[in-house]
Amino acid sequence: MKIKEVIVVEGYHDKQAIDAAVEADCLLSNGSAVSETFLKQVERAAKERGVIVFTDPDRPGERIRRLVARRVPGCKHAFLPKHEALANGDLGIENAKPESIRRALESVRTDWSGSEPEFSWQEMVDYGLTAHADASRRREVLGEKLGIGYGNAKAMWKKLNMLGVSREEFEACFTEIKEESTP
């Protein structure tokens, strides 16, 4: 599988995992200390070939994702569920199996900057994605099913709107979540 876009990853071991799964060029952020030089490289890559941000499913990875997306609107995003990026207590893309990486890259989402959000904050409450005893688990399952990763309530709400999740996708996933929760 050959990827046209340049893939943004955090480090060398992530790049090695990408190389084992697909044929692609990578830009390395070298951890969470995102430099101006790196962001300029991402801007150039986005203009020339497009960019897929594929960072670790943890707080530093999400921080890098936000910094890149803020600087380079219209990026594509690939996400791995935490359980597919975990090995011996270490969380990162470098731990993922090649098939997990390919699946994530086949399910990329593109930033959407429309004026009206699809989902309201009230819906987050109504669906039990916040202010509910099981909210964290629901967000985790929803993020995995939609392929947008985990986030706290505010981050999930932003992802739902930013990554162009349709009402139909959301409803179908949430129906599955409710069925899984029913004894």
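These legends describe several close-up views of one predicted model.

The model is predicted, so local features are reported only where pLDDT is at least 70 and side-chain atom pairs count only at pLDDT 80 or more, whereas totals for chains, interfaces and linings use all residues. Residues are numbered from 1 along each chain as its sequence is written, and side-chain values use heavy atoms, with hydrogens and water left out.

**View 1**
Helices (H or I, at least four residues) and strands (E, at least two) are DSSP runs numbered from the N terminus, and two strands pair if DSSP finds at least two bridges between them. Strand 1 (residues 2–9) and strand 3 run parallel and are joined by three bridges, and V8 has V53 in strand 3 as its bridge partner.

**View 1. The largest nonpolar core, and another core apart from it.**
A nonpolar core is a set of buried Ala, Val, Leu, Ile, Met, Phe, Trp, Tyr and Cys residues joined through side-chain atoms within 4.5 Å; buried means under 20% relative accessible area, exposed means over 50%, and partly exposed lies in between (1.4 Å probe, protein chains only). The largest core has 19 residues, and those with the most contacts inside it are I7, I18, F54, I101 and L105. Strand 1, helix 1, strand 2 and helix 4 are the elements that give two or more residues to this core. If residues up to four places away in sequence are not counted, L105 touches M1, I3, I7, V22, I52, F54 and A78, where contact means heavy atoms within 4.5 Å. Another core, of 17 residues, lies apart from the largest one, and among its members are Y127, L142, L146 and L160.

**View 2. The salt bridge between R49 and D25.**
Side chains of opposite charge can pair when their charged atoms come close. A salt bridge is counted when a side-chain nitrogen of Lys or Arg lies within 4 Å of a carboxyl oxygen of Asp or Glu, and the structure holds 14 of them. In the pair shown here, the closest N and O atoms of R49 and D25 are 2.7 Å apart. R49 lies in the loop between helix 2 (36–48) and strand 3 (51–53) and D25 lies in strand 2 (residues 23–28), so the pair ties together parts that are 24 residues apart in sequence. R49 is partly exposed at 30% relative accessibility, and D25 is partly exposed as well, with a relative accessible area of 42%.

**View 3. Two further salt bridges, E43 with R71 and R103 with E84.**
The closest N and O atoms of E43 and R71 are 2.9 Å apart, and this pair links helix 2, which holds E43, to helix 3 (residues 59–71), which holds R71, across 28 residues. Both partners are partly exposed, E43 at 26% relative accessibility and R71 at 27%. In the other pair, the closest N and O atoms of R103 and E84 are 3.1 Å apart; R103 is in helix 4 (residues 98–106) and E84 is in the loop between strand 4 (76–77) and strand 5 (86–87), 19 residues apart. R103 is partly exposed at 42% relative accessibility, whereas E84 is buried, with a relative accessible area of 18%. Salt bridges that share partners also join E36, E43 and R71 into one network.

A disulfide is a covalent bond between the sulfur atoms of two cysteines. With a disulfide taken as a pair of cysteine sulfur atoms within 2.5 Å, the count comes to zero. C75 is buried, with a relative accessible area of 2%, and C173 is buried at 9%.
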